[in-house]
Amino acid sequence: MLYEQHIGRRMPGQRSDGAFSVTVSRTLPGDTDAVLATWESWMANLSAFNDIPFEGEPQVSRPDKWGYRRCKLTDGSAVSANVQSRFLGDKSALAINHDKFSTAEDVEL
């Protein structure tokens, strides 16, 4: 993607479908199930993400080495948490994605 930004084909944060997204990640102590459960419990108390209401119920999956929780928002964007086991299972990487923004300015909010 950096090459496509370099040649002017895409802007930073722009995906191949033209939509924009932003991702933050952090490695946390705990296995995949523990980190995903912590995220789920935090999200269970919210009715919106970044002041945008949720649309419908989240989708949750827990395969062996990773897990995710995805939810659509009323503005057409989506938020997901992806958890992947690291370091022999005693730590996990948590990546939070906010996807399907229509403009680069929406990412800045």
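**Entry 1: Lys-91**

I started with Lys-91, which lies in strand β6. I am working from a predicted model. I looked up how open this residue is: Lys-91 is partly exposed, with a relative accessible area of 36%. I then checked its separation from Val-35, which is 56 residues away along the chain.

**Entry 2: the chain as a whole**

I stepped back to list the elements. The secondary structure comes to 3 helices and 6 strands. Read from the N terminus, the order is α-β-α-β-β-β-β-β-α. The chain has 109 residues, and 35% of them count as buried.

**Entry 3: helix α2**

I compared the length of α2 with what its residue count predicts. The helix covers residues 32-44, which is 13 residues, and at 1.5 Å a residue it should span 18 Å.

**Entry 4: the largest nonpolar core**

I looked up the largest nonpolar core next and found 14 residues in it. Those with the most contacts inside this core are Trp-39, Phe-49, Phe-54, Leu-73, Val-79, Leu-94 and Ile-96. The elements that give two or more residues to the core are α2, β3, β4, β5 and β6. Which element gives the largest share of this core? It is α2, with 4 residues.

Phe-54 lies in strand β3. Its relative accessibility is 18%, and the cut-off for buried is under 20%, so Phe-54 counts as buried. I also looked at Phe-54 and Asp-75, which are 21 residues apart along the chain. Their C-alpha atoms are separated by 9.0 Å.

**Entry 5: the loop between β2 and β3**

I went through backbone angles and stopped at two residues. Asn-50 has a phi near 55°, a positive value in a residue other than glycine. Asp-51 has a phi near 65°, again positive in a residue other than glycine. Where is Asn-50 placed? I found Asn-50 in the loop between β2 (48-49) and β3, and Asp-51 is found in the loop between β2 and β3 as well.

I checked accessibility for both. Asn-50 is partly exposed, with a relative accessible area of 46%. Asp-51 counts as exposed, at 76% relative accessibility.

**Entry 6: the largest pocket**

My last item was the largest pocket, which holds about 210 Å³ of space. How many residues line this pocket? I noted 16, of which Arg-70, Cys-71, Lys-72, Ala-78 and Lys-100 lie nearest its centre. The strands β3 (52-61), β4 (66-73), β5 (78-86) and β6 (91-101) each supply at least two residues of the lining. By type, I recorded 5 nonpolar, 4 polar and 7 charged residues in the lining.

Methods:
Residues numbered from 1 in each chain as written. Predicted model: local features only at pLDDT ≥ 70, side-chain atom pairs only at ≥ 80, totals over all residues. Heavy atoms only, no water. 1 Å grid on protein atoms, 1.4 Å probe; cavity = no way out; pocket = protein on both sides within 12 Å on 5 of 7 lines; lining within 4 Å. Points joined across faces, edges and corners; volume = space filled by probe spheres on them. Nonpolar A, V, L, I, M, F, W, Y, C, P; charged D, E, K, R; others polar. Expected span 1.5 Å × (residues − 1). Buried < 20%, exposed > 50% of the residue type's maximum accessible area, 1.4 Å probe, protein only. Core = buried A, V, L, I, M, F, W, Y, C linked by side-chain atoms within 4.5 Å.
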